[in-house]
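The stops below are meant to be followed in order.

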Amino acid sequence: MELRHLQAFVVVAEELNFRRAAVRLQMTQPPLSQQIKRLEREVGVDLLHRTTRHVRLTGAGAAFLTEARRALQAAQAAPEAARQAAAGQTGVVRLGFSGPTSHEVLVLMTRKFREHRPHVRLEVLGPVFGGEMVGRLGRDEVDAGLIRLPVAGSGLQIRELTRHRITVALPTEHPLATRPEVGVLDLRDEPVVSHPTNRGAGIVSLIHKAFLKHGTSPNIVQEAPDTHTILSLVGAGVGIGFAPASAAHLKVPGVVLLPVSDIPPLPLALAWRKNDPNPALHALIDLLDEISAECRRKPDEAG
């Protein structure tokens, strides 16, 4: 079914006169009449009732007119929709995040992106540990992911956005809880509640390296699935825990966060597949300088 036939029918239906319709379409009446007949044969029913003096729509023609107008409108809108998608003005970005300690950056990124690309659908997926995020990126289950460094994986582009100091979570009654900061050696004999050691959480390798540098290892007594659960178990007296300073917003009762002076900050980055053709994703990537600058202006919650 050709669009020019639909257009011809709509004009005839509006004019209810073949002569006037032909003038509007800048053609002669015989070819116009042939187009309408060809369209009726294709549809299989009469769309117009014709006499020598009058033209009117049949019931089928009135129903067809509604859908024909919609089809013409869609055809007119299609090129602009394609241009908008190619420019990253529309589309979908599936954004994974690493957990509650990345919420502040996630909120900032979401707000900035919606300001610049209000018609792109941003699907937020998570929380996802670092190793799992790499796998999801590789399987094309997410387009980009907020992830703690370092990560193991090939075929990815990585852009660091900010860094968070590492803190230790202590029960408020702990002897060290009133100090302004502590060091690894102050914590070497403490029972530790840890993130899972087999799911690629960046903070796990960072803590182990820091303890190993002092000739010891963390005394892990329990693993927990996320930072909020770790803090809750610390508050219950199970042990101490480690978290980025950005966990301060969780505010678990009975728990304090102190900076650990000799553990380096933990980077937070955005990762995406190299050569990903998604224009909407590239629109997000174009905002990373602005997002990173704003992240770094914010004071670290743990001082």
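**Strand E12 and its partners**

Begin by selecting residues 266-273, strand E12, together with E6: eight bridges join the two strands, which run antiparallel. Helices (H or I, at least four residues) and strands (E, at least two) are DSSP runs, numbered from the N terminus, and two strands pair if DSSP finds at least two bridges between them. This is a predicted model, in which local features need pLDDT of at least 70 and side-chain atom pairs count only at pLDDT 80 or more, while totals for chains, interfaces and linings use all residues. Residues are numbered from 1 along each chain as its sequence is written, and side-chain values use heavy atoms, with hydrogens and water left out.

Arg 163 stands opposite Pro 267, and Glu 160 faces Ala 269.

Which residues cover the two sides of E12? Leu 266, Leu 268, Leu 270 and Trp 272 lie on one side, with Pro 267, Ala 269, Ala 271 and Arg 273 on the other, and all are buried. Buried means under 20% relative accessible area, exposed over 50%, and partly exposed in between (1.4 Å probe, protein chains only). In a regular strand the side chains alternate between the two faces of the sheet.

**The whole sheet and its helices**

Contact means heavy atoms within 4.5 Å.

**The nonpolar cores**

Select Val 93, Met 109, Phe 113, Leu 146, Leu 270 and Leu 288: within the largest nonpolar core, of 25 residues, these touch the most other members. A nonpolar core is a set of buried Ala, Val, Leu, Ile, Met, Phe, Trp, Tyr and Cys residues joined through side-chain atoms within 4.5 Å. The elements giving two or more residues to this core are E3, H5, E4, E5, E12, H10 (279-285) and H11 (288-297).

Centre the view on Leu 288. Apart from neighbours within four places in sequence, Leu 288 contacts Met 109, Arg 159, Leu 161, Leu 270 and Trp 272. A second, separate core has 22 residues, among them Leu 176, Val 182, Val 184 and Ala 210.

**Helix H9**

Move to helix H9 (residues 227-235), where Thr 227, Ile 230, Leu 231, Leu 233 and Val 234 are buried. Viewed down the axis of H9, these buried residues fall within an arc of 160°, so they line one face of the helix; the arc is that of the directions from the helix axis to the C-beta atoms. Their cover includes strands E7 (166-171), E8 (191-194), E9 (219-223), E10 (240-244) and E11 (255-259). Just after H9, Gly 237 takes a positive phi of about 90°.

**Backbone details in the loops**

Most residues other than glycine have a negative phi, and most peptide bonds are trans. Select Gly 126 and Pro 127: the bond between them is cis, with omega near 5°, and Pro 127 lies in the loop between E4 and H6. Leu 149 and Pro 150 are also joined by a cis peptide bond, with omega about 0°; Pro 150 belongs to the loop between E5 and E6.

Finally, select Leu 16, a non-glycine residue with a positive phi of about 50°, in the loop between H1 (3-15) and H2 (18-25). Is Leu 16 buried or partly exposed? Leu 16 is partly exposed, at a relative accessible area of 36%. Gln 26, with a positive phi of about 55°, sits in the loop between H2 and H3 (29-43) and is exposed at 74%.
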